[in-house]
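Keep the viewer open as you read.

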Amino acid sequence: MKTYTITVNGNVYDVTVEEGEGAEVAAAPAPKAAAAPKAAPKAAPAPKAAPAAGGAAGSVKVTASVPGKVLSLEAKVGDAVKRGQNLIILEAMKMEIPVVAPQDGTVASMDVAVGQSVENGDVLASLN
């Protein structure tokens, strides 16, 4: 924990900073002010559903590994794809990021369109 004295617009503040993930910052006009209570930890993300048994439609979900924009669709619904084959190209930080098939299969759905913005973890397509 580190304490700093900071002046903002002529006002003097003593600031205490905790280091590490999820750190809290407490600002007080007087040096003996109580620190702010820590926020409750964030809940863990919900576990992803297991793929459906028996090759149900769209049993394998293909998700975005980075936030970005859909640059192109390299496969269409009904195409047979091999493991590692490009399905979608995302643009992130001016780089082209291929999204590949995690296994051999048939494209069951393409859940995005060219130009659409996606977030990390969004479902982009599904395979049978």
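Contact here means heavy atoms within 4.5 Å. By that criterion, and not counting residues up to four places away in sequence, Leu-87 touches Val-62, Leu-73, Glu-74, Ala-75, Val-81, Val-99, Val-100, Ala-101, Val-107, Met-110 and Leu-127.

Before going further, a word on the source: this is a predicted model, where local features need pLDDT of at least 70, side-chain atom pairs count only at pLDDT 80 or more, and totals for chains, interfaces and linings use all residues. Residues are numbered from 1 along each chain as its sequence is written, and side-chain values use heavy atoms, with hydrogens and water left out.

Leu-87 also belongs to the largest nonpolar core, which has 20 residues; Leu-87, Ile-88, Leu-90, Leu-124 and Leu-127 have the most contacts inside it. Such a core is a set of buried Ala, Val, Leu, Ile, Met, Phe, Trp, Tyr and Cys residues joined through side-chain atoms within 4.5 Å. Buried means under 20% relative accessible area, exposed over 50%, and partly exposed in between (1.4 Å probe, protein chains only). Strands S4 (60-63), S7 (86-92), S8 (95-100), S9 (105-110) and S11 (123-127) each supply at least two residues of this core, and the largest share, four residues, comes from S7. Strands (E, at least two residues) are DSSP runs, numbered from the N terminus.

Now for the sheet. Four strands form an open sheet in the order S8-S7-S5-S10, with antiparallel pairing; two strands pair if DSSP finds at least two bridges between them. S8 and S10 (117-118) stand at the edges, each with a single partner strand, so one side of each lacks a neighbour in the sheet. S5 (residues 68-73) and S10 are joined over two bridges, and Lys-69 stands opposite Ser-117 in S10.
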